[in-house]
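Here's a quick walk through a two-chain model, written for someone who likes to have the coordinates open while reading. Have a look at the chains first, then read on.

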Amino acid sequence: MSRSDLSRSDSDAPTSFGARPDGHAEAPEPAPGIQQPRLGPVGWLRFLWRQLTSMRTALILLLLLALAAVPGSLVPQRTSDPNGVIQFQQQNPDGYKILDALGVFSTFASPWFSAIYLLLFVSLVGCIIPRTRHHLQALVAKPPRTPARLERLIGYTEATTAVDAPTAVAEGRRVLRRLGYRVENYPLPGGGDSVSAERGYLRETGNLIFHVALVGILLTVGVFGGFGYTGQRILVQDSTFTNVGSDYDSFIPGRFSSVDDLQPYQMRLESFRPTYAFNQTTGTWDPEDYVTRLSTRTPGGGWTKQELKINAPITVGGTQIYLLGNGYAPILTIRDSHGTVVKNEPTPFLAQDANLTSNGVLKVADGLTDSTGKPTQIGIQGFFRPTPPAGKDQILSAAPQLSPKADVFLSVYIGDLGLGGGTPQNVYTLDVAKLKLAAGRDPATSKTVGGGPIDLVRGQTATLPDGLGTITFSGIRRYVSLDIHHDPTPLPALVFALLVLGGLLLSLFVPRRRMWITAVTGEDGTRLRYAGLARGEDANLEAAVAEVAARHRAALGDPGDPDGPDDPRTPIPRM
Amino acid sequence: MTTDTLAAYSLLMAYSAIAVYAIAFVMYVLDLSRRTGSIPVAEASARAAVPAATTARAGGGTALLERVGSVTTRIAEGQAKSVNKATRFQRTAFALMIIAWVVHVGAVVLRGIAADRGPWANMYEFSLTGTAIIVGIFIVVNLWRDVKFLGAYITGFVVLMLGLAATNFYVAVAPTSPPLQSYWLYIHISVAMLATGFYAVGGGLAIVQLLQQAREKGRLTRGRFLATFPSSATLEAMSSRLIIVGFAFWTFTLMAGAIWAYHAWGRYWGWDTKEVWTFIVWVIFAGYIHARATRGWRGTRSAWLAIIGLAAVLFNFTIVNLFFHGLHAYSGLSTM
């Protein structure tokens, strides 16, 4: 028995390409009917490890991963669609409770999804390490010994030549080298000479790069991702934002980052200019382009003008700034009964439709007194239309552009706004449960109160109920909502992604081949034999052996097959 | 010519292409039924080819350089080829298909000129261009290997998809919304369509492979035209080559999409519905490739994975676009 027959490590066997996980189609098949020894604790661990790193387990985990991702697309996700989750909860409270307990609303952070991909990656690492070790050995190893029975291999071809065996093999060696093979001469045991050749090591290199880079992406997102942060801010024209935690409307730090890491640059919105095109078919205005002009200033520097477009974020102080949305911020000036200005600033109204029909809330906690002199808090719910519709029966804005007739409808509520309680309040909603409607339309009964909602166009003033003072629609500003974030992962993620792609292409399209030429000098000249062997699928191997044979014979000066190439199939274009 | 006239001509050409594809479909089906009719002849010659092939190819594809050997091989191959010889119907169908494809490409080009951008910014345009790419890939694959027996599947699919698009998804030319204005639009979507084309042809071969396997094992008594098709092993090899190319393109699609998403939405991956499905498709086909290297999963199971993967691609394009909420809701239809 030869050594290669005994040895499990198969680097000696010329027809095996080495390290493969259990269950791999090219790994040695387990011998049937072998009595397994009893397993101790270490044996069990080893057994479990082998199971986990087996090909079949990896495949099942991969398919489970695809299956586990499905609910993440059927049910709204907290991270990508928080409003959808709230809506789901309101429409289907019972279903919500069950699904929420299962973690379906954050599928991709759920324990079961994480368990699958973590097991998959452990299995992957368990596969990469031995394969890398083996491949590194293969990279420095010589091509394997020429097998005795070449006729059992692929594309076996015979020919005779007049030159002697050493010359034929030396020429074969040159031909193979020119084709990119690594070569090694082996004398044949029964006399004669042979050359053994191998090429396509990049296939395995690519395969390993692909898998290592996938682990790299996971680590990048899992570890580097923790150093980022993200926040949103609505920025009204001519106002300034400073990059400190308190200046954000919402701020989510990463696992390893905090508000203290922010670089306190400043940013001012100079102008926001949208352009729209009228769509004849749908009768709607479609946005064509948004041009946002900003000025930014890093600490100690001067103001620089920058332009923000939707596909082109700007980068300031280690953050990227993206345009999320836009809208109108009417300036509603409130004066008390003596004419003193109590509030005079733009209030961002949130768009409700594509024509920017918008809702907004104004809260005045201090500075107003009613006719009896009692300090009074008011909350105003506003409704804004940049282009009021022509028909009286229509309610919503007819176009997103600002027309001279742009108007607001205001409902005024009086009572305790609850701002002193210390609980943070959403500035865009007004909780009217404990407030009294003083002017407007009661949403419950649809009855008008106090003469109905206050309707103003720019420049108009109305008196507030209870002798509180006046309100003036004195102007309008545009605002943009910005997504500001610091994310250290994109660059490493991109590098790993490119490695994934490059590795994939190498591992899928580089053929790994072994090729042998033997030459035995006899009475009627030298007998040449050619054959090849492939790792994995290699539809072109036979053609490749034929090509080597043809080139070799041409190099030896032998006449080729008079009928042209031996392979009668049409040539196969490389893919 | 105005945008609307150009778009109208484009639609007219699309309808013409549908009509010609439909005729080609009928021809392809007639070809299949004709093959059923001529089975005795075909099988007889196949039987004659088998022993000759066995002698010539003993030892796993040996081809001797000596004259006798090579002549035997060639005769065997020649006979094997005659089994798969195209009927007149198939040749007509393939010619019609090429004519329809030329008209179809014309429709795509006109639509692009009318819109003054790549014609794939809404579902109608994506279907129009995507099906043209599928047929184009099918024609190119036929230069590599003869897979014209898939013609009925491809034309049937294209007639359905294009018909559905022209009647139900049609929208007038409109400017792209700001998030779509990027050169990544061209890269991401055109590569996605290429990948889909390779998946479609590869998946079709996997379907035939399963049928062929069933027939080879004697489990399928109907559909005797399969006897004129390549063996299930050959079908599987062709199918996997195409799917692997599709997978490489799909990997690129996913990355290009991530880069674009980073520019447009400020993150490269956010588990948006469409991203989830692109990921699912990627994982299924990664599973397919691994299954092809796993003992016991080659053949039937891996073919099923290819079919499931193709189904996921189509689901991603149709159902996800129309009924799922997400940032990719670009069908251009107002029912969203």
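Predicted model: local features only at pLDDT ≥ 70, side-chain atom pairs only at ≥ 80, totals over all residues.

**Chain B**

Let's start with chain B, which has 11 helices and 0 strands. Reading from the N terminus, its elements simply go α-α-α-α-α-α-α-α-α-α-α. Of the 336 residues in chain B, 58% are buried. If you take the contacts in chain B between residues at least 6 apart in sequence, 79% of them join residues at least 24 apart.

**An open sheet in chain A**

Over in chain A there's an open sheet of 5 strands, ordered S1-S23-S22-S3-S2 with antiparallel pairing.

Helix H11 (residues 541-555) of chain A lies across S1, S22 and S23 of chain A, and runs at about 150° to S23(A).

**Strand pairs in chain A**

| Strand | Partner strand | Bridges |
|---|---|---|
| S22(A), residues 512-522 | S23(A), residues 525-535 | 11 bridges |
| S5(A), residues 240-242 | S7(A), residues 266-279 | 3 bridges |
| S7(A) | S8(A), residues 284-297 | 13 bridges |

To pick out individual partners: Arg513(A) has Ala534(A) in S23(A) as its bridge partner. Thr240(A) stands opposite Arg268(A) in S7(A), and Ser271(A) is bridged to Arg293(A) in S8(A). S7(A) and S8(A) make a hairpin with 4 residues between them, and Gly283(A) in the turn has a positive phi of about 70°.

**A helix pair in chain A**

How do H7(A) and H9(A) pack? Helix H7 (residues 111-140) and helix H9 (residues 201-223) of chain A meet at an angle of about 145°, and their axes are 10 Å apart. Their crossing is left-handed. On the H7(A) side, the residues in contact include Phe121(A), Leu124(A), Ile128(A) and Arg131(A); on the H9(A) side, they include Tyr201(A), Glu204(A), Leu208(A) and Val215(A). The contact residues split into 13 nonpolar, 5 polar and 2 charged.

Conventions:
Residues numbered from 1 in each chain as written. Chains lettered and ligands numbered in written order. Heavy atoms only, no water. Helix = DSSP H or I, 4+ residues; strand = E, 2+ residues; numbered from the N terminus. Buried < 20%, exposed > 50% of the residue type's maximum accessible area, 1.4 Å probe, protein only. Contact = heavy atoms within 4.5 Å. Pairing = 2+ DSSP bridges. Axes fitted to C-alpha atoms, helices over the stretch in contact; angles between N-to-C directions. Left-handed = near helix turned anticlockwise from the far one by under 90°. Nonpolar A, V, L, I, M, F, W, Y, C, P; charged D, E, K, R; others polar.
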